Amino acid sequence: MLRQKWWKIVCVLLLVYTVIAGFLGNVPALPILDETIRNLYFHVAMWMAMMILFIVSVIYSIKYLRTNNQIFDIYALEYAKGGILFGCLGLVTGSVWARYTWGAFWSNDPKQLGAVIALLIYFAYLVLRNSMTDMDKRARIGAVYNIFAFAMLFPTIWIIPRMVESLHPGGMGNPAFDTNDIDSRMRVVFWPGAVPGWTLLGVWIVTLRIRLQLVAEKRHVSEQFKKKISHA
Amino acid sequence: LLLYAAIDRGDEILTIFIGLWLSFAANSSIIGSFSQILVLFKKDLLLEVRQQYTFYGVLLYVASTIFVLYLSMGEPEGPVWKGLFWMIQLFVCVNAVAKSFLQEGRGRLLYFFSITGARNFILSKLLFNALLMLLMSLISLGLFVLMLGNPMPNPGYFIFISCLGGMSLSLVFTFLAAIAARAQQSAALMAILGFPLVIPQLLLLSKISNIAFADVIQGGLAGMIVVLVGLDIMLVALSLILFPFLWKD
C-alpha cells in the first residue's frame with residue numbers, strides 16, 4: 001500500500017489546499033491574534049502529526065518485541081525520527097507565533113516546557129540506540145526504551161501542562177478543540193486539510209527513509225555474502 | 001585484600017543459599033513469588049549490610065555536597081533551598097541506584113535468571129531501591145536543615161513530600177539502571193537517559209513542595225499529588241511489563 005501513488009497525490013493536494021485556503025480564506029478577526037491565527041493550520045497540525053508518528057512508532061516497537069523481526073525495529077526508529085522532526089517544526093512555528101502574540105519567542109510556558117522535555121526524552125532514545133553496537137540488543141533495548149518514552153509523553157505533554165496556568169488557549173481544562181472554540185470557517189481547513197496533510201507528509205518522509213535503510217541493509221548483506229564467496 | 005576475599009567468598013556462599021531457598025519457595029505460586037521477592041530483597045539488604053559500600057559512599061557524597069553548598073551559599077532563601085534540595089536528591093538517586101544492577105555481574109544475572117522470574121527480580125530491586133532512597137531522602141533532608149537552615153513554615157509536609165519524591169525518583173532510575181546494565185554501559189549512560197525522564201517528576205515535586213514553603217495552601221495541589229502517585233504506579237507497571245524483555249539475552 002505504501003508504495004502506491006494515490007496517497008502521495010492526496011498529500012500534496014491537501015497541503016496545497018491548506019496553504020492556499022490557509023493564507024487566503026476568511027478567518028475571524030480577533031484582537032492580538034489578528035492574522036497570526038492562520039498559524040493554527042501549521043503549528044497545531046504539526047503537533048498532531050508528531051503525536052500520530054510517535055503512536056505508530058510505539059506500535060512498531062511493540063510488534064518488534066512480539067516478533068523479533070528486525071524490520072519492525074527500523075520502522076519504529078524512523079517513525080520516531082519523523083515524530084522528532086515534526087516536534088521541532090511545531091516548536092519553531094510555535095515560537096514564531098509566540099513572538100507576535102505573547103511578545104517573545106520563549107516565555108517558559110508550561111506547554112512549551114512540556115514539549116521540549118518530550119523532545120529531549122526522544123533524543124535520549126537516539127543516544128541510547130547509538131550507544132550499542134550489537135544489532136539485536138540495540139533493537140530490543142531500543143524498543144523497551146521507546147515504549148517507556150511514549151508512556152512518559154502522557155504526563156509531560158497531556159497531563160501536567162493542563163493542570164497549571166498557561167498562555168496557550170484552553171489552559172486549566174481541555175484545550176481548544178470543541179465546537180465552540182474553533183471557528184467553523186477555520187474548521188473546514190484545519191480538520192480535512194491541515195491535519196491529514198501534514199501527517200501524510202510525515203509518513204511519506206518516513207517511508208522514504210525506511211526504504212533507504214532497507215536498501216542499505218540489503219547491500220550490506222550482499223557485500224558480506226560476496227566477501228564470503230570470494231574467500232571460499 | 002584477605003578481608004575482601006573473605007567478603008567475596010561470603011557472597012558466593014550467600015548466593016548459593018539464596019538459590020536453595022528460592023527453589024524451595026518456588027513450589028507454591030503466588031505465595032512463592034512473594035517469598036522469592038522477599039528473599040531477593042533480603043539478599044540485597046544483607047549485601048548492603050556486609051559491604052556497607054553504597055550506604056556510606058552515598059552518605060559521604062550527600063554530606064560533602066551539602067557542606068560545599070553551605071560554604072558557598074550560606075543559608076539560602078526558600079525557592080533556592082527547594083531547587084537545591086531536589087537537584088541534590090536527583091544526583092543522590094543516580095549514585096545510590098546505579099549500583100543495584102551494575103553490581104550484578106553477567107554470571108550472577110544468569111544465575112538469577114535460572115532460579116527466579118524476571119518480575120520477582122525487578123520487584124525486589126524496586127522495593128530495595130525505594131527503601132534506600134527513602135532513607136537517603138530523610139538523611140539529606142536532615143543535613144539540609146542542619147547546614148542550610150530551615151526556611152519552611154510547614155516542615156512536616158516537606159518530610160512527607162521528600163519521602164514520596166525520593167521513592168518516585170528511585171523507581172525511574174531503577175528501570176534505567178536495568179537498561180544501562182543491559183547496554184553494558186557505565187552509570188554515565190543512565191544519567192544521560194534519566195535526566196530528561198525525571199524532569200516531569202521534578203517539576204511536579206517542586207510544585208508540590210510549595211505546600212511547605214507557603215503560608216497559604218494553594219488549590220490544585222491534591223491533584224498534583226494524585227498525578228505523581230499515578231505516575232509512580234505507571235512506572236512500576238511499565239517496569240513489570242518491560243523488564244522480562246530486557247532480561248533475556
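1. Of the 249 residues that make up chain B, 49% count as buried. The model is a predicted one, and the values that follow should be read with that in mind.

2. The accessible surface of chain B comes to about 11400 Å², and carbon and sulfur atoms account for 72% of that surface.

3. As to secondary structure, chain B holds ten helices and zero strands, so that, by the definition of these elements as DSSP runs, the order from the N terminus reads α-α-α-α-α-α-α-α-α-α. Among the contacts in chain B with a separation of 6 or more, 81% are between residues 24 or more positions apart.

4. A residue that can be looked at within this arrangement is B:L169, which is found in helix α7 of chain B. B:L169 counts as buried because its relative accessibility is 0%, the cut-off for that class being under 20%. Once residues up to four places away in sequence are set aside, B:L169 touches B:Q89, B:L90, B:C93, B:V198, B:Q201 and B:L202. By contrast, B:L38 lies 131 residues from B:L169 in sequence and 22 Å from it in space, taken from C-alpha to C-alpha.

5. Turning to the interface, the contact takes 30 residues from chain B and 24 residues from chain A. Between them, chain B and chain A bury about 2500 Å², and 84% of this area is on carbon and sulfur atoms. On the side of chain B that touches chain A, α7 (155-182), α8 (187-208) and α10 (221-247) each supply at least two residues. The residues on that side of chain B divide into 22 nonpolar, four polar and four charged.

6. Which specific polar interactions does the rule find across the interface of chain B and chain A? The rule finds two residue pairs in polar contact there, both at pLDDT 80 or more, whereas for salt bridges across the interface of chain B and chain A the number found is zero.

7. Is A:D73 buried or exposed? With a relative accessible area of 5%, A:D73 is buried, because the class takes in values under 20%. Leaving aside neighbours within four places in sequence, A:D73 is in contact with A:Y64, A:R129 and A:A139.

Definitions and conventions
Residues numbered from 1 in each chain as written. Chains lettered and ligands numbered in written order. Predicted model: local features only at pLDDT ≥ 70, side-chain atom pairs only at ≥ 80, totals over all residues. Heavy atoms only, no water. Helix = DSSP H or I, 4+ residues; strand = E, 2+ residues; numbered from the N terminus. Buried < 20%, exposed > 50% of the residue type's maximum accessible area, 1.4 Å probe, protein only. Contact = heavy atoms within 4.5 Å. Areas by Shrake-Rupley, 256 points an atom, 1.4 Å probe, with all protein chains shown as cover. Buried area = accessible area lost by both parts, 1.4 Å probe. Salt bridge = Lys/Arg side-chain N within 4 Å of Asp/Glu carboxyl O. Polar contact = N/O pair within 3.5 Å; in protein donor to acceptor, adjacent residues only side chain to side chain. Nonpolar A, V, L, I, M, F, W, Y, C, P; charged D, E, K, R; others polar.
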